[in-house]
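Please look over the sequence and the structure before reading on.

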Amino acid sequence: ATGAQEDAKMEPGRVAARVGEAGRTAGTQERSRNAAQMASLGLTQQQQQAALALANNFEQQSKDFFDREQAYQAIEALATDQSAASDVGMIFSVMKMFDPGSVVREGEFATAQNTAGVPARVMNLYNRALTGERLTPEQRAEFRSTARTIYTQARKDQQQRMETYGARADQMRVPRPLVIREMGPAPIGGRALDRLRGTGAP
């Protein structure tokens, strides 16, 4: 079985945790490699300090993007699983894409206070899923399409951020890979965002 298929058989909370941990581990490993690279490239102390400062700022400003990327990956992992648990995990991940800073925890009911950036329709579907109400195939497809739309726009914003920090690295004569963490693969899909926000046709 593929990694995604194995993930889809897991509890949705474990899927999100596994995807999130993979992203955090990748970032930590990359920073460790960067430190080793700086030592081997013969960079001056000033360049090393500049690279570390730029990399830290880049990571801080990119946090929402990588949170959305992790949520998108979780949605793709759950997309082919038709279980009630995967419904909860999929909607929870979609909420994280709308509002990466949301403090709602998977398995607890969502409110306007803990999901401020999430459309009411999505929040309501999530709360109903917690009580056992199932998503229709059309709703699952809509969520997947919406996730792709949000992630695609987030990638465009992140690409601009990467160019900005890449230019700063160039000015300091620091190799860009020491500063910038790469994005995952680009998605392919349609658009359903307006319907989930309640601004489109039902």
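This is a predicted model: local features need pLDDT of at least 70, side-chain atom pairs count only at pLDDT 80 or more; totals for chains, interfaces and linings use all residues.

Residues are numbered from 1 along each chain as its sequence is written, and side-chain values use heavy atoms, with hydrogens and water left out.

Helices here are DSSP runs (H or I, at least four residues), numbered from the N terminus. Helix 7 covers residues 137-171 and reaches 51 Å from its first C-alpha to its last, close to the 51 Å expected at 1.5 Å a residue.

Arg176 is found in the loop between helix 7 and helix 8 (193-197), and is partly exposed (between 20% and 50% relative accessible area, 1.4 Å probe, protein chains only). Its values are listed below.

| Item | Value |
|---|---|
| Arg176, relative accessible area | 30% |
| Arg176 to Tyr165, C-alpha to C-alpha | 8.0 Å |
| Arg176 to Asp170, side-chain polar contact | 2.7 Å |

A polar contact is a pair of N or O atoms within 3.5 Å, of which, within protein, one must be able to donate a hydrogen and the other to accept it, and residues adjacent in sequence count only if both atoms are side-chain atoms. Not counting residues up to four places away in sequence, Arg176 touches Glu163, Gly166, Ala167, Ala169 and Asp170, where contact means heavy atoms within 4.5 Å.

Technical notes:
Helices (H or I, at least four residues) and strands (E, at least two) are DSSP runs, numbered from the N terminus. The expected span of a helix is 1.5 Å times one less than its number of residues.
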